[in-house]
Amino acid sequence: MWQAQVRVDLDAIRHNVATLRDLLAPGTRLMTVVKADAYGHGMLPVARAAVQAGTDWLGVATVDEALTLRDAGVTAPVLAWLHSPDRPLHEAIERDVDLSAASTDTLREITQSARKVKKAAKVHLKIDTGLSRNGAAQKDWPALLERAAKAEGDGYAEVRAVWSHLACADEPGHPSIARQLAEFHDALEVAERHGIRPQLRHLANSAATLTLPETHFDLVRVGLSTYGLSPIPGQATRLKAAMSVHARVALVKAVPVGAGVSYGHTYKTLKDTTLALVPLGYGDGVPRAASSRGPVWLAGKVRRIVGRVCMDQVVVDCGDDEVRAGDEAVLFGAGAAGEPTADDWALACDTINYEIVTRMGSERTPRIYVGERT
C-alpha cells in the first residue's frame, strides 16, 4: 500500500498542448519546455506526451537535459539555452541539439565544438530586449551577428533562430512588453542587415502565448501552461492541472486545548481537537513556508497545516471531525473536487505556482503516471 505519491495526468498534458496549439496562427510552431524535470512532472513522460499531442519542439535549459532526451530516443527538435564556459558541446551538435548563443564567447565555443565533429551547429542567437538576464546586450549584438555570419560562411554554424525573453508578460498591459517587442523588431532588422535571415523568430512564453498574439512570430515557448497552470494569477483558461499530491494519514490523535504542535511550539491548539499526521514534509518538496498556513484536503474539506513543516511530515488540525489513519489527504490538485490547487499553495507560501510544482517528487514520494501510452 502506498504512503505518499505525486500523480501526473498525461492526458491533461496532451489536452493542454492541443489547447495551446489552437491559440496559434497557421504556421506558428509550438515548443514545449521540459526543463527542470518538466517543472517537477517528469521530463521523459511529459516530453513523449507532448510529442504525441503534436508539439513541434522541446525546450530545456542544459545540454545534459537535452542529451537525456536523446538517450531516451526522443527525436523531436530540442533547444538547450544555458551553457557555462568550457562545457563540452560537441556531443549536443552531433546529436542534433540546437544551442543558444548570447555572446561571442559562447558562439566561439560552439563553433570550436562544431569543428571538432565536422558538423555545423544549429544556433539560436539570443538578444536581451529588457530582461537583463541572458542574451546579448544591444551594444554587443552587431558583433555577435558578425561572428555568426562568419561561422555560417565557414560552414560551422547554421543560424536557425533569433530569440529573446519577456520580463513582464504575466502582467498584461505592463509598459515593458511594448518596449521589448519594439527592441526585438529592431534586433531582427539589424540581423538582416548583417545577412542573418533565421528560419525562426521566437519571443513568447506561456503568458504571452495566452494573451499577446502579436508576440507569437514563428514559434512560441510554453512551459507552465503545459502543466495546466496559468502564469497570470486569476486568469481563467481551458487548461487542466496535471499534478496532484497525495498521502495517507499515518496517525490520528486527540489533544487538549493549549497543546503545542510540532517543533518550537509555534502553534498551540485553540480547543480540544483532533490532529492528523500526514507523511509529507520539506524532504518531499513541501515548502517550510507552509508552516501553519498550507491547505490540505482531508475527510471532505480543506484544513490547514498547524505548526512547523518537518522534513518528513506535517500535522493537520481536524477539529471535531472524524478522521482515521489511512485516510487520503490531498495537498493540491486540479481543484475539481474542492481540493486546494497549486495556486492556493503559492498564495499560502508567498511564492509562485511554478515553484510549488517544481519542488515535488522524490525517491520516497514517487511520481505515478495516469494516461501513459506506448
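Tutor: The questions below ask what each term rests on. The model is predicted.

Student: What makes up the protein chain, by helices and strands?

Tutor: The chain has 11 helices and 19 strands. Its C-alpha trace spans about 80 × 45 × 40 Å along the principal axes. Of its 374 residues, 51% count as buried. Among contacts between residues at least 6 apart in sequence, 66% join residues at least 24 apart.

Student: Why is Thr129 called buried?

Tutor: The relative accessible area of Thr129 is 7%. Buried means under 20%, so Thr129 is buried. Thr129 sits in the loop between β6 and α7.

Student: How do you know that the side chain of Thr129 makes a polar contact with the side chain of Ser164?

Tutor: The distance is 2.8 Å, and the cut-off for a pair of N or O atoms is 3.5 Å. A second polar contact, of 2.7 Å, joins the side chains of Thr129 and Gln180, and that value also falls within 3.5 Å.

Student: Which residues is Thr129 in contact with, leaving aside its neighbours within four places in sequence?

Tutor: They are Gln138, Ser164, His165, Gln180, Glu183 and Phe184. Contact here means heavy atoms within 4.5 Å.

Student: Is Asp140 buried, partly exposed or exposed?

Tutor: Asp140 has a relative accessible area of 36%. Buried needs under 20% and exposed needs over 50%, so Asp140 is partly exposed. Asp140 lies in the loop between β6 (121–126) and α7 (141–154). Its C-alpha atom is separated by 21 Å from that of Ala121, 19 residues apart along the chain.

Student: What makes you say that the buried residues of α10 line one face of the helix?

Tutor: The buried residues of α10 (residues 342–349) are Ala342, Trp345, Ala346, Ala348 and Cys349. Seen down the helix axis, they fall within an arc of 165°, so they line one face. These buried residues pack against β15 (295–298), β16 (301–306), β18 (328–332) and α11 (353–358). After α10 comes Asp350, with a positive phi near 55°.

Student: What makes a space a cavity and not a pocket?

Tutor: In a cavity a 1.4 Å probe fits but cannot get out, whereas a pocket is open. The search of the whole structure finds three cavities of 30 Å³ or more. The largest cavity holds about 40 Å³ of space.

Student: How is the lining of the largest cavity divided by class?

Tutor: Its lining has eight nonpolar, two polar and no charged residues. The lining residues are His41, Tyr227, Leu229, Ala241, Ala242, Met243, Phe332, Gly333, Ala342 and Val357. Gly counts as polar, so Gly333 belongs to the polar class. Ala342 is also one of the buried residues of α10.

Student: What is the volume of the largest pocket, and which residues are closest to its centre?

Tutor: The volume is about 590 Å³. Of the 27 lining residues, Lys35, Tyr39, Arg133, His165 and Asn205 are the closest to the centre. His165 is also in contact with Thr129.

Student: Which elements each supply at least two residues of the lining of that pocket?

Tutor: They are α2 (35–40), α9 (206–211) and β9 (219–222). By class, the pocket lining divides into 17 nonpolar, five polar and five charged residues.

Note on methods. Residues numbered from 1 in each chain as written. Predicted model: local features only at pLDDT ≥ 70, side-chain atom pairs only at ≥ 80, totals over all residues. Heavy atoms only, no water. 1 Å grid on protein atoms, 1.4 Å probe; cavity = no way out; pocket = protein on both sides within 12 Å on 5 of 7 lines; lining within 4 Å. Points joined across faces, edges and corners; volume = space filled by probe spheres on them. Helix = DSSP H or I, 4+ residues; strand = E, 2+ residues; numbered from the N terminus. Buried < 20%, exposed > 50% of the residue type's maximum accessible area, 1.4 Å probe, protein only. Arc of directions from axis to C-beta. Polar contact = N/O pair within 3.5 Å; in protein donor to acceptor, adjacent residues only side chain to side chain.
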